[in-house]
Amino acid sequence: MVLTSVEKMVGLQKKTSGIRNICILAHVDHGKTTLADCLISSNGIISSRLAGKLRYLDSREDEQIRGITMKSSAISLHFVKGDQEYLINLIDSPGHVDFSSEVSTAVRLCDGCIIVVDAVEGVCPQTQAVLRQAWLENIRPVLVINKIDRLIVELKLTPQEAYLHLKNILEQINAVTGALFTSKVLEERAEKETESENVSDTAPGDQIYDWSTGLEDTDDSHLYFSPEHGNVVFASAIDGWGFGIEHFAKLYSQKIGIKPTVLLKTLWGDYYLNTKAKKIMKGDQSKGKKPLFVQLVLDNIWSLYEAVMKRDKEKIEKIVTSLGLKIGPRESRHADPKVQLNAICSQWLPISDAVLSMVCNKVPSPLDITAERVEKLMCVGARTFDSLPPETQELKSAFMKCSSEGTAPVIVFVSKMFPVDSKALPQNKPRPLTQEEIAHRRELAKRRHAEKLAASQGKELPEEPPSENSSEVAGNTGDRKGEEQQLTGQGDSMTSKAVKEETENKESFIAFARVFSGVAKRGQKIFVLGPKYDPAESLHKLSAQCSPTSDLPVVPHMTCCTLENLYLLMGRELEDLEEVPAGNVLGIGGLQDFVLKSATLSTSPACPPFTPLNFEATPIVRVAVEPKHPSEMPQLVRGMKLLNQADPCVQVLIQETGEHVLVTAGEVHLQRCLDDLRERFAKVQISVSAPIIPFRETITRPPKVDMVNEEIGKQQKVAVIHQTKEDQNKIPEGVQVDSDGLVTISTPNKQATLSVRAMPLPEEVTRLLEENSDLIRTMEQLSTSLNEDKKTHEINQKTLDRIKEFKQKLEKNLQGRKWRNAVDQIWSFGPRKCGPNILLYNFEGYKRSVWQCLGTTVKEVSKYRDFDNSIVSGFQLATLSGPMCEEPLMGVCFIVEKWEINKVGDMLSTSRQDSGENDATEHQQNEDNTLGSTDEGHSANEHQDGNQSGTESPEKISKPKGELSLADCYGPFSGQLIATMKEACRYALQAKPQRLMAAMYTCEIMATAEVLGRVYAVLSKREGRVLQEEMKEGTDVFIIKAVLPVAESFGFADEIRKRTSGLASPQLVFSHWEIISSDPFWVPTTEEEYLHFGEKADSENQARKYMNAVRKRKGLYVEEKIVEHAEKQRTLSRNK
Ligand SMILES: Nc1nc2c(ncn2[C@@H]2O[C@H](COP(=O)(O)OP(=O)(O)OP(=O)(O)O)[C@@H](O)[C@H]2O)c(=O)[nH]1
Ligand SMILES: [Mg+2]
């Protein structure tokens, strides 16, 4: 029976100091939903017998079948502690990596979180990830060490061993928090240092500073988990028990007469009880003493388990009576000892009391939101709080007050939109009728019955003209009325049927949100602020006091909407609310046309959009979908739109090929998205392509040994290169390639010649480029705006420092003769101007810099200036799709070593001499062209999709005279340059040993010794590589860390699970790109290789297999012999 009414909840919502917003976070399967069940059952929403079995918050069918949670869902609970009443808004989250975006949506709305850790498995990868997420959002964590029963029943540890094991787990978790904390303190300290450096030039003597001082000064005691601080609960959710040590401290202080405060400090730790002296002493193991925790706590629990498992009736009774518990006859006679255990334990140490009182004590109420968190929420990207407009800064106090007064501005954050069947909405549900309505209906039914009777009597009478009998007339008209009524009644039922059908087919989206300030009221008008909304911009147009009701000018990224419905989220149910005061989690209906995935709602236009959610997973698995029946395309498109709105992480796109593509975080996520599409959103049959696996193309240094590990001698090497060149590259005439890989090529009209060389970048540099792609994009934008405005654009000091640091790191990693001055010669990054490839210039008479924003602007005055954008565009195109299978390049450096423009220079100079006026315009144009990317550069980049001759973009028409005259029969000169540069890059690549790069997953697999062999077998079959194997302390479980190509990962988790009878279940997380060592073009060249691999040697070439698969998918030419020997095949079995 539900113990708390909605009215009660509404009352509790108004007492902000008694609200706790928390989420449950953990690695997959550590028992979050089971714990949530226990907490929910304390409110009578589900029966305590079913707690742990029902998994109430896993409301989807596939969640129940698979046994994992796939979405976060919220429920409000009432908790009484002493004379204080609390409202707990609890959010359960999924632990599977594929759904980690759901964790982000939950964490944003909370002030604290319960971290659940499995006592056997300890700290797992997702535990670390969620700790980090909680840390990034600045919310307060508390810890539940769950599944302690497994230590007793499965691992059969003694209490002493269990104590050491638990201590170990606690240390591991604190190590993770410690690492987060240290890095933050050091970062802050470094920031302060740079600030003070900027303010004043410190004397050289002051430069030596002590890094550790920051750590010592900062108080970090509240961060760590420790039972004596009251932020750790030991529990077994399935058996329904849990305790914090204060429970036992209170209990034993009476029994042994030691102050509870003393016990609280000593119950956990290396202390023991000297029974004679009735004193607690330090140090235990050395003297062979039992620690207090073992003696007073664990021993009791262990003996209870032992008694119940051995069905020692006497002992059980003794324990039950000594604890003063009452066990029903049904439980005590039950065949399963677990039932009895649950009945005893959940009375003795109720888990909900332990966990909820810890939450109420340790997690701050919404009133205690920290200034640091508020500033973080309000500042998007690299913005600082001080740079916000003053009206916006004032809103900080509204956040801090969290006031529900009428004057407070309303600020709401929507973290996700979740779909609900329209039928399940409270307003569409059949509600119980009131007494009056029942009476009214009865009355109606009676009348109808009477009319029917009257009608049947009327028919029996002989028909007479109505004029003759007035009473008859009345009767008739009554009859007609009755008919009419029935008709309208029918009409009613028909329309209601139609309405019903409509609602049946409709998904409603509810916003999962929290009120940070003010009171959200039903029917209220409110601004919807998109992530790119800038309050500074709108405040120019609007006054800070304007309300969403008045007619407003158009402001980008801002719309107005009405809060149509407000709901209390109760797990599977929703309850209607009239208003929701500050500090509460709620559902909002009617936003689906205004909010896609997340948004900020406010009544004040000065409100900034909240910082975007931190998503940990990168979507990587892509598939193309199409309807089984082509006519159902519109439904599919609509369905995909809905899916996009309903899932925080999925990406839905239409590729250039017209394919509809879904990009998901992993296999499980993909499956869920497809199920949703089929059954919920599109309701059509769909066919799904095999996953589209991304690759990268790169080059390496020439190998030192051949395929049979023989060193390649000088002479042989030449032979090999010679042969491969002949075989694969098919370099046409007119392209010169020297033995060193320098490619020289001329434009078709022979007016310019380019020499380009390709070199592999060192691994660290590629990684640096990848990590800093955002920074590179910012640099690009900065130099564009620098050049466009020609004003000193204000650049954030922090960004400048980051750019400087990036440059230094590049310099450090590009050492050696080959890379001399390379960093200063960087011309561009690619593809898309921010990718992991570099273009260098290395010829006389040219100078430009990507480091323009650092102030090293070089005004370039030379003949090259007009066309350098073409070279950059050619490079962008070349890096976007490589020669092997048109996949993007990675880790390649192209060096332009020569760039000769034959006649252009002359022609330009003659045209300059022609007229002074022309010279001026020319000059103007040139100045414009010095910038990193002019419009022309962009347009060429976009319009040219690998097509070498597609250069007729309209911009060319507006070219100055000198250039127009170059347009000869080969097309405009700049277009030829783009195509030539692209070709040069491709040939330069082909002159080097090419390699494919595969996307790699990392995974951590836990397995017992028996199944270890089988895990290895599956891994090696799928080209996986084991990085590390270690034994988990105190258990017989091995942890294997491995990497595995994404291309081989489909069905991996399932296969492992099957082969190990469900003992090991890995989770795959995208980690990095890795070069596949085999050469896709390799053919045997030496005698030994022939001997070893045979003539064809394509049996083991994984790289070639991948390459050909991609080429086939893209419809490119694949060099494959289908029939090797055209002999007639004989059947071996004789025909009978
Ligand atoms: N032995 C034991 N098993 C438990 C305990 N708590 C949960 N389990 C079991 O662990 C399994 C996973 O529990 P869930 O509650 O679904 O785990 P979860 O953390 O919600 O999993 P995800 O939501 O998928 O991340 C279930 O089979 C539970 O019965 C416990 O205290 N002891
Ligand atoms: Mg769960």
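Me: Which element gives the largest share of the shell around ligand 1?
Reply: That's α2, with three residues. Keep in mind that this is a predicted model.

Me: What makes a residue part of that shell, and how many residues surround ligand 1?
Reply: A heavy atom of the residue has to lie within 4 Å of the ligand. There are 19 such residues, and the closest are Lys 32, Thr 33, Thr 34, Thr 69 and Asp 149.

Me: How do you know that Asp 149 makes a polar contact with ligand 1?
Reply: A polar atom of the Asp 149 side chain sits 2.7 Å from a nitrogen atom of the ligand. The cut-off for a pair of N or O atoms is 3.5 Å, so this one counts. Asn 146 passes too, because its polar side-chain atom is 3.3 Å from an oxygen atom of ligand 1. With Ala 237 it's the backbone that takes part: a polar atom there is 2.9 Å from a ligand oxygen, again within 3.5 Å.

Me: How much of ligand 1 does the protein bury?
Reply: Taken alone, the ligand exposes 650 Å², and the protein buries 85% of that. As for the elements around it, α2 (32–41) and α6 (148–153) are the ones that give two or more residues to the shell.

Me: How do the shell residues divide into nonpolar, polar and charged?
Reply: Four are nonpolar, nine polar and six charged.

Me: Now the sheets. What is the order of the six strands in the open sheet with mixed pairing?
Reply: It goes β25-β26-β27-β30-β29-β28.

Me: Why are β25 and β28 called edge strands?
Reply: Each of them, β25 (736–737) and β28 (826–830), pairs on one side only.

Me: How do you know that β25 and β26 pair?
Reply: Pairing takes at least two bridges, and β25 has two with β26 (residues 743–746), so the pair qualifies. The two strands pair in the antiparallel sense, and Gln 736 stands opposite Thr 744 in β26. Packed on this sheet is helix α27 (residues 868–880), which touches β27 (752–760), β28, β29 (837–841) and β30 (892–901). The helix direction makes about 35 degrees with that of β28.

Me: What kind of peptide bond joins Gly 830 and Pro 831?
Reply: A cis one, with omega at about -5 degrees. Pro 831 belongs to the loop between β28 and β29.

Me: What about the four-strand sheet: which order do its strands take?
Reply: The order is β21-β22-β20-β23, open, with antiparallel pairing. β21 (651–654) and β23 (686–688) are the edge strands. On average, neighbouring strands are turned by 30 degrees against each other, direction ignored.

Me: How do you know that β20 and β22 pair?
Reply: Five bridges link β20 (residues 621–627) and β22 (residues 660–664), and the threshold is at least two, so the pairing holds. Val 621 stands opposite Thr 664 in β22.

Me: Which helices go with these strands, and at what angles to β22?
Reply: Helix α21 (residues 633–646) lies across β20, β21, β22 and β23, at about 25 degrees to β22. Helix α22 (residues 667–681) packs on the sheet as well, touching β20, β22 and β23, and its direction makes about 135 degrees with that of β22.

Definitions and conventions
Residues are numbered from 1 along each chain as its sequence is written. Chains are lettered from A and ligands numbered from 1 in the order in which they are written. This is a predicted model: local features need pLDDT of at least 70, side-chain atom pairs count only at pLDDT 80 or more; totals for chains, interfaces and linings use all residues. Side-chain values use heavy atoms; hydrogens and water are left out. A polar contact is a pair of N or O atoms within 3.5 Å; within protein, one must be able to donate a hydrogen and the other to accept it, and residues adjacent in sequence count only if both atoms are side-chain atoms. Accessible areas come from the Shrake-Rupley method with a 1.4 Å probe; for residues, only the protein chains shown count as cover. Ala, Val, Leu, Ile, Met, Phe, Trp, Tyr, Cys and Pro count as nonpolar, Asp, Glu, Lys and Arg as charged, and the others, Gly among them, as polar. Contact means heavy atoms within 4.5 Å. Axes are lines fitted to C-alpha atoms, for helices over the stretch in contact, and angles run from 0 to 180 degrees between N-to-C directions.
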